[in-house]
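Please look at the structure first and then go through the points.

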Amino acid sequence: MKPFEYLRASGVDEACKTLAAYSGTCAVIAGGTDLLVALRSRSKRVEHVEKVLDISKIRDLDFIEDRGNEVAIGPLASHAALAESRVTRKYAPILAEAAKTVGSPQIRARGTVGGNIANASPAADTIPPLLTLDASINVRSTSGERLLPLAEVFAAPYRTTLRPDEIITEIVFPKPAGRYGHSFIKLGRRKALSISRMNVAALIGTDDEGTMKDVRIAVGSVMPVPSRVSAVEDLLKGQKLTDDLAREAGELMSSEMIRRSGIRWSTEYKAPVIKVLTRRAIVQAAKRAMAETMNVS
Amino acid sequence: MQGGAVITAEAMKSCDREPVVSQMPGEAIPEGQRSDGRYCVVNKPVPRVDAYEKVTGRAKYAADIYFPNMLYGKVLRSRYSHARILSVDTSAAEAMPGVYCVLTAKDLPGEQSWSTYLFLAGDEVRYTGDAIAMVAAETPQIAEEAIRAIKVEYEPLPGVYSIEEALAEGALQVQDYAPGNIVRNTHWPVRKGNVEEGFAKSDVIIEREYRTQYIEHAYIEPEAAVVVPNPVDGSVTVYGSLQNPFMTRRAVAVALGTQIGKVHVIQQTLGGSFGGKEEVMGLMCGRAAVMAVKTGRPVKMVNTREESFLESAKRHPFRLRYKVGATRDGKIQAFEAELVDEGGAYNSQAQFMNWRACVHTTGCYEIPNVKVDVYAVHTNKVYGGAMRGYSSPQVIFGQESLMDELAEALGMDPVELRLKNAFRPGSVTATGHKLEGQSVPLVDLIKRVLDETDFFAVRERYRKEREEAAQSTGAPEGRLRKGIGLAASFRGCGLGAESPDATGAFVAVMDDGSVLIRSGLTDNGQGLSTAHAQIVAEELGVKIEDIVYQRVDTSSIPDGGMTVASRGTFTGGRAMLGAAREVKKALFEVAARMLECDPEDLTSAEGIIFVKGDPSRSITFKEVANRAFWSGREVSKLFWFIPPDLPWDRPTGQGPAFPTYAYACVVAEVQVDMETGAVDVLKVTAGHDVGMAINPALAKGQIYGGIAMGMGMAIMEEVEFSDGDILNPNFDEYIIPTSMDVPEAKPILYESDDPVGPFRAKSLGEGAMECVAAAIANAVADATGRRIRELPLNLERVLLGKSLKRGKGGASK
Ligand SMILES: Cc1cc2nc3c(=O)[nH]c(=O)nc-3n(C[C@H](O)[C@H](O)[C@H](O)COP(=O)(O)OP(=O)(O)OC[C@H]3O[C@@H](n4cnc5c(N)ncnc54)[C@H](O)[C@@H]3O)c2cc1C
């Protein structure tokens with residue numbers, strides 16, 4: 001374990017001041033399920049870390065709220081809370097379902113959505129669903145607050161565009177209004193406590209005839225960073241789903257993967273299988289959309 | 001007249017004690033029938049004697065032990081899998097405050113090893129687990145920092161990283177004493193009949209190659225030990241997470257260069273071992289002892305998970321090559337095999353494992369012509385060692401896959417092929433052992449498992465479903481395929497002709513009627529203490545609560561060999577029974593005088609000794625114990641059980657390998673996602689010939705655990721290497737089954753009448769996992785129509801038929 005100094009903040013302002021004071025050498029800790037693992041193995045990612053600032057006691061950062069047209073989630077919301085909350089289950093079941101697949105009961109109790117985002121793992125399970133929800137994050141520092149679309153947060157595997165003195169204070173997304181269906185598919189090496197080999201999130205809005213009006217598809221561990229795949233979305237938009245179309249979308253996803261990630265040791269497996277997962281996710285989401293009774297909101 | 005004791009109806013009912021007393025050698029009960037109700041304590045699912053301390057968290061594991069003034073030890077391991085060590089500079093580490101000693105190979109007071117692996121390597125490191133220096137410091141953090149401050153200058157050398165590389169012409173030699181990289185003493189041939197003639201008679205001949213992987217034991221508790229020095233007499237006391245305290249004792253004595261008797265080893269509650277906490281614990285305790293003596297302070301060492309992965313012995317990977325021939329009617333005529341296992345950098349048990357492998361190579365089938373060669377090779381990787389099953393799970397995977405493939409080539413039902421060739425009473429094994437005077441219920445056991453699983457109907461149903469699914473495309477459900485597979489095995493009970501199987505047990509009756517029992521064999525979590533307590537309670541006729549079990553303490557019982565080979569109950573139980581029987585004899589003499597009868601007229605149950613047929617003439621066990629003690633009788637016994645000699649002819653591999661064999665038949669049902677390669681093991685039904693289950697609940701526990709471990713081997717577990725570096729030394733990437741993955745498990749305890757073991761018990765611990773991977777592989781082949789000849793059947797292998805490797809090296813295809 002890399003030795004470090006432990007600090008604790010009781011409010012957001014205090015946290016921002018502390019981070020500003022120790023610019024670049026102080027890491028925020030929420031649940032610690034990523035940070036402590038990295039510190040223990042003296043990972044390169046935490047080479048700069050000398051101090052750890054515990055934000056887990058800042059009550060204001062732990063919430064899941066229905067704000068009319070929007071849902072707002074505090075960064076300290078645990079995966080267990082995301083999986084169980086009535087708000088997420090009603091307005092963002094794709095997120096609740098994904099959170100339920102994270103780690104084990106212990107990890108879901110400790111691990112937070114803010115940590116999942118800020119850690120920026122290619123395999124993070126809540127990120128693709130949040131991307132399909134068009135989520136943005138609020139970040140704060142002593143120099144102020146800014147709202148950032150989630151899609152702009154991920155720079156590279158385990159690297160974000162956040163500054164080291166910034167903390168995530170909120171995650172917000174508009175409620176999908178209308179007839180929507182979702183699918184979250186995670187492929188791991190076992191049924192639980194498993195890091196995604198690949199994951200696919202699909203959120204599809206249709207009209208009453210089944211024409212896909214709004215198509216949002218994001219993948220994890222497929223592209224260099226978790227991302228929406230507009231080429232695939234565009235292929236489907238305005239169409240009714242057929243088996244052939246779903247298959248074609250899968251093929252396109254696979255070639256997008258190779259285009260953006262290149263050929264790696266795992267490509268021989270991932271290339272055929274991402275086709276399948278994409279196809280399955282699209283089919284399930286579209287089916288669910290059609291089965292959905294209109295969301296009254 | 002002593003009529004005071006009350007006998008319960010339960011005791012009366014079950015106290016027809018004759019069968020128990022005359023049980024060895026056993027009287028016949030029909031094979032496959034349970035023996036319910038014939039005993040008071042054995043054959044009952046009594047709760048484990050250590051259950052409460054474990055579930056309440058009171059059990060102390062080695063890492064829970066603290067002494068005043070204790071230091072913490074850490075080891076510096078090699079950065080390279082093969083290198084010359086040019087220099088080691090420990091000065092910075094030594095200068096750190098809180099550091100009490102920094103030692104390298106030249107500082108060892110004794111020898112570098114009690115075998116071939118090293119306490120500390122001197123000039124050369126041969127795998128990444130090799131230790132170069134060690135530190136004892138005030139805190140674990142200081143010890144870690146001190147380790148990081150040691151500077152080692154290496155000259156990296158080329159290495160050998162696969163069986164093929166090891167055997168290649170002109171290959172670099174890993175150990176000077178092992179020409180051609182053949183691990184010393186590991187070649188075990190078997191020659192029976194004449195295979196050339198057998199193949200000449202055969203209508204169908206197939207040749208196949210299979211492979212298995214490196215597997216980590218993955219016990220939940222990493223290695224831990226504390227060594228306390230006694231500066232007065234130079235002795236040490238060792239508290240450790242130990243499977244084999246006597247092996248550890250020898251290791252520590254060698255490390256210190258002291259007499260064995262000066263090393264006092266006390267085993268602590270074990271958080272799992274499965275064959276793992278053997279060599280690695282000898283090394284850890286030897287190092288800690290050297291530092292404890294050097295500093296005069298207790299030294300604790302606790303491995304991280306990564307350290308545990310790096311240094312602890314693994315399940316040996318095997319390359320299994322076969323040629324088998326049969327006549328059209330399915331009689332196997334000849335069987336030729338070359339089994340090569342990867343021994344790693346040092347010789348850790350391959351010589352013993354390979355003997356077991358040679359005995360079991362051809363499986364539970366009678367084959368007239370056999371030619372087998374088993375040997376191990378050195379590579380610059382972590383050495384293989386004992387792991388539950390001791391080569392059998394690997395060998396059975398190959399051999400039982402081969403049976404299915406042979407059946408296919410013959411156009412015959414694989415079950416029929418097995419039944420046609422299966423051992424029956426009087427069959428002769430590949431090693432020329434005629435199976436007489438022991439139970440051989442294999443055929444009936446297979447039929448029982450077929451019945452209970454409704455095997456043929458289920459197989460047919462899955463076949464139909466697959467055909468239908470193949471027609472309907474598109475729907476994801478249509479890409480799921482179910483399959484069913486079967487594997488059968490036999491397993492020699494105990495150590496057999498491998499090495500001396502003698503062991504001791506100590507039973508002492510206290511004057512309050514309680515009974516202290518001690519064994520030289522350990523309770524590793526498998527429940528041995530409970531099984532031993534049951535055996536003694538049954539024989540003495542006392543309640544299980546009256547038995548007090550004490551963990552292994554090497555200074556209070558002689559070295560009774562290792563707790564391996566599923567011999568704890570089978571062999572250790574014989575010693576317990578022997579000791580209890582002698583103590584009982586002494587007590588009955590005292591009781592007979594008190595009850596004014598002959599000792600032969602007496603029997604006992606539930607803590608009461610009484611006249612057979614006249615329970616009104618009775619006395620409590622406690623009263624008798626008290627009287628015996630105060631009249632100076634010997635009411636304790638150290639009993640030494642020595643099984644009969646088993647002659648072995650090494651050049652031909654012929655001889656009666658084991659006193660008896662346990663049989664198993666396992667059926668697995670799986671569902672395969674044909675588009676992702678994901679295998680879902682739905683159900684495993686495991687039928688085991690247990691002789692008699694001393695404790696049916698614990699026996700089932702062994703089977704459940706065996707199924708979980710076997711499925712890990714089958715579909716997910718694999719230590720991955722890049723050349724000699726382990727890529728997945730923790731559970732984030734080394735994948736083992738979770739409770740969500742474990743299939744529905746159905747154990748069948750098949751009881752057979754075998755005269756050899758205590759209360760007719762046979763071995764079970766290892767047999768419980770040995771067939772599982774083979775059955776799952778056969779089920780996957782049934783589901784997919786494709787045979788995969790290399791484990792594990794992970795996503796890539798099932799989908800693509802090959803693994804994808806992220807690291808360098810290895811000849812894995
Ligand atoms: C055994 C195990 C299993 C796991 N399984 C999964 C899984 O299945 N799926 C999955 O996605 N993940 C998994 N993880 C990873 C981890 O649990 C999640 O990423 C979790 O959400 C991290 O949250 P945390 O609060 O523990 O983060 P921490 O470890 O506290 O922090 C992680 C990173 O985020 C930063 N950070 C945290 N909060 C903020 C904030 N508010 N503002 C700015 N930066 C912040 C920290 O500085 C740090 O860099 C697993 C981890 C373990 C140990």
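Which order do the strands of the open sheet of three strands in chain B have? The order is E4-E2-E6, and the pairing is antiparallel. This is a predicted model, in which local features need pLDDT of at least 70 and side-chain atom pairs count only at pLDDT 80 or more, while totals for chains, interfaces and linings use all residues. Residues are numbered from 1 along each chain as its sequence is written, chains are lettered from A and ligands numbered from 1 in the order in which they are written, and side-chain values use heavy atoms, with hydrogens and water left out.

- Helices (H or I, at least four residues) and strands (E, at least two) are DSSP runs, numbered from the N terminus, and two strands pair if DSSP finds at least two bridges between them.
- Strand E2 (residues 83-89) of chain B is joined to E4(B) by two bridges, and these strands run antiparallel.
- B:Ala83 has B:Val125 in E4(B) as its bridge partner.
- Strands of a sheet pair through backbone hydrogen bonds, either parallel or antiparallel.

**Strand E15 and its partners**

- E14(B) and E15(B) are antiparallel and share nine bridges; B:Arg319 has B:Val340 in E15(B) as its bridge partner.
- Five residues lie between the strands in the hairpin of E14(B) and E15(B), where B:Gly330 has a positive phi near 90 degrees.
- E15(B) is joined by 10 bridges to strand E16 (residues 369-378) of chain B, and these two run parallel.
- In E16(B), B:Tyr375 stands opposite B:Val340.
- A right-handed β-α-β unit is made by E15(B), helix H11 (residues 350-360) of chain B and E16(B); right-handed means that, with the strands pointing away from the viewer, the path from the first strand over the helix to the second runs clockwise.
- Of the 13 residues of E15(B), 11 are buried, so the strand is largely enclosed by the rest of the structure. Buried means under 20% relative accessible area, exposed over 50%, and partly exposed in between (1.4 Å probe, protein chains only).

**Aromatic pairs**

- Over all chains there are 22 aromatic pairs. Rings of Phe, Tyr and Trp (its six-membered ring) pair if their centres lie within 6.5 Å; planes under 30 degrees apart count as stacked, over 60 as edge-to-face and the rest as tilted.
- One pair is B:Phe309 with B:Tyr734, which is edge-to-face, with 5.2 Å centre to centre and 70 degrees between the planes.
- This pair links distant parts of the chain, 425 residues apart: B:Phe309 is in helix H10 (residues 305-311) of chain B, and B:Tyr734 is in the loop between strand E29 (725-726) and strand E30 (744-751) of chain B.
- B:Phe309 and B:Tyr734 are both buried.
- The ring centres of B:Tyr322 and B:Phe335 are 5.6 Å apart with planes at 80 degrees, so this pair is edge-to-face.
- B:Tyr322 is in strand E14 (residues 318-326) of chain B and B:Phe335 in strand E15 (residues 332-344) of chain B, so the pair ties together parts 13 residues apart in sequence.
- B:Tyr322 counts as buried at 3% relative accessibility, and B:Phe335 is buried with a relative accessible area of 1%.
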